[in-house]
Amino acid sequence: MSVTINAHQLGRLIDKTIGHMGSEYIEMLHGIRLDVDARYLHAVASDRYTMAVARYVLTDNEAEPWTRTIPAGHLPALREWISSHQGDQRITIEAGEDRLVFDSARTTYSVAVNRGLEFPDWRGILRALAENTIEGEPFPRLNSTYLARFDDCGIVRVRLTADTKAALLFGEEFIGAVMPVRYAGLEPGEEETFATSFDAWRWTLAAGSKDADMGDMPLPEYSRYAASTDVQDTGEGLLRSVLQSTSNAVDTSYYDDDSEAWYAHISSSVANWRAFRYLDALAKVDPRVAAKVVADTAEELDDGALGEWAWDVAEKAGHNPKKWDEDYEKALRERAAEKPPLWATRLATGLNAAKNAGLNFRLDDNEFVTYDAEAGEWKAIKPQPAETADTAA
């Protein structure tokens with residue numbers, strides 16, 4: 001299965017879509033999807049927030065439809081390889097079982113691919129968006145270079161009022177406008193309606209599902225210790241952690257009677273909620289600073305020396321982290337002297353669970369757990385000070 005395209009057009013397909021790829025934490029979106037049907041070679045990319053599809057008309061394509069995703073890690077080298085060719089040089093793209101082979105008269109570039117990755121139904125997503133329209137609404141032409149000037153304005157709402165009037169953009173303490181394109185080169189721009197634009201893509205999108213939605217795109221799957229470098233993903237992760245920690249706190253308190261774990265879950269909930277609120281405020285005030293802070297923090301977390309980072313920052317700020325550490329250790333010792341050890345408490349909990357389950361067993365008296373006949377349950381014993389034990393002896 002193969003298609004042929006010239007180097008210039010292949011480079012354009014990549015350039016138009018590479019900025020829309022998902023991160024490494026969404027494997028099926030971390031790259032550019034090549035999608036070949038009877039008429040077109042499509043390049044597709046999405047990061048859940050934007051989607052881009054570029055296509056190239058194939059002539060006399062008799063191959064079966066096929067799809068493969070070029071992994072993001074290969075794209076810089078592949079793009080450089082394409083650029084080493086004259087624009088009109090032909091490149092054949094062959095889809096193998098586990099690789100894509102880009103072959104020209106000069107050299108060959110091979111990329112390993114994973115056919116098991118299931119890409120979202122991009123045709124269905126765009127078809128649903130295209131069909132969800134109101135007749136007669138404006139359809140102006142906007143220059144993407146001008147839109148890029150608003151990249152530091154955060155989230156904006158767009159109001160289109162007419163084909164030939166400026167589009168309004170509203171953001172947080174921000175209003176702007178961008179004029180539509182009236183000329184293509186030196187000639188007036190070709191008049192086009194939404195219907196004619198959609199008709200040009202109708203054949204491609206017809207194979208998509210009618211109920212596909214961009215909101216159903218796959219979520220990032222971070223490893224346990226990986227930190228996101230994306231502001232929105234970080235905020236979502238913080239909220240998720242708040243909910244998980246509060247839920248775990250309830251379970252810990254009800255089932256395990258483990259006060260230490262309960263305090264840990266509550267502390268985690270509070271810390272994550274504070275972090276979310278601070279990040280949310282920073283992102284609204286200055287999105288670029290928020291993005292930099294998230295990226296820098298992710299790098300520090302991935303370094304794995306969080307305690308050392310905190311210790312150094314505390315000393316530079318004039319604090320005494322050594323005293324904090326000593327006070328914490330002292331508090332732990334005092335707490336341990338006032339209550340049974342955690343493992344003894346868990347042992348008593350396990351014995352009670354076994355008794356309630358009707359399991360018969362005998363356990364000799366010992367210094368760690370005892371059976372309270374009046375309460376009808378096992379209880380952990382608080383450790384006795386050494387001098388008390390000596391006096392009793």
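The model is predicted. A search of the whole structure finds 12 salt bridges. Among them are Asp15 with Arg79, Asp35 with Arg123, and Lys379 with Asp372. Helix 11 packs its buried residues against strands 14 and 15.

**Helix 11**

- Helix 11 covers residues 342–356, which is 15 residues.
- Six names make up its buried set: Ala344, Thr345, Ala348, Leu351, Asn352 and Ala354.
- The buried residues pack against strand 14 (369–372) and strand 15 (377–380).
- Glycine 358 follows helix 11, and its phi is positive, near 85°.

- The side chains of lysine 379 and aspartate 372 meet in a salt bridge, at 3.1 Å from N to O.
- Lysine 379 has a relative accessibility of 35%, so it counts as partly exposed.
- Aspartate 372 is also partly exposed, because its relative accessible area is 24%, and the buried class requires under 20%.
- Strand 14 (369–372) and strand 15 (377–380) are the strands that the buried residues of helix 11 pack against.

- Aspartate 15 pairs with arginine 79, and their closest N and O atoms are 2.9 Å apart.
- Aspartate 15 lies in helix 1 (residues 7–17) and arginine 79 in helix 2 (residues 75–83), so the pair ties together parts that are 64 residues apart in sequence.
- Aspartate 15 has 45% relative accessibility, so it counts as partly exposed.
- Arginine 79 has 22% relative accessibility and therefore counts as partly exposed; buried would need under 20%.

**Buried salt bridge and its network**

- Aspartate 35 forms a salt bridge with arginine 123, with the closest N and O atoms 2.9 Å apart.
- Aspartate 35 sits in strand 2 (residues 31–36) and arginine 123 in helix 3 (residues 122–131), so this pair ties together parts that are 88 residues apart in sequence.
- Both partners, aspartate 35 and arginine 123, are buried.
- A network of salt bridges links Asp35, Asp37 and Arg123.

Technical notes
Residues are numbered from 1 along each chain as its sequence is written. This is a predicted model: local features need pLDDT of at least 70, side-chain atom pairs count only at pLDDT 80 or more; totals for chains, interfaces and linings use all residues. Side-chain values use heavy atoms; hydrogens and water are left out. Helices (H or I, at least four residues) and strands (E, at least two) are DSSP runs, numbered from the N terminus. The expected span of a helix is 1.5 Å times one less than its number of residues. Buried means under 20% relative accessible area, exposed over 50%, partly exposed in between (1.4 Å probe, protein chains only). Contact means heavy atoms within 4.5 Å. A salt bridge is a side-chain nitrogen of Lys or Arg within 4 Å of a carboxyl oxygen of Asp or Glu.
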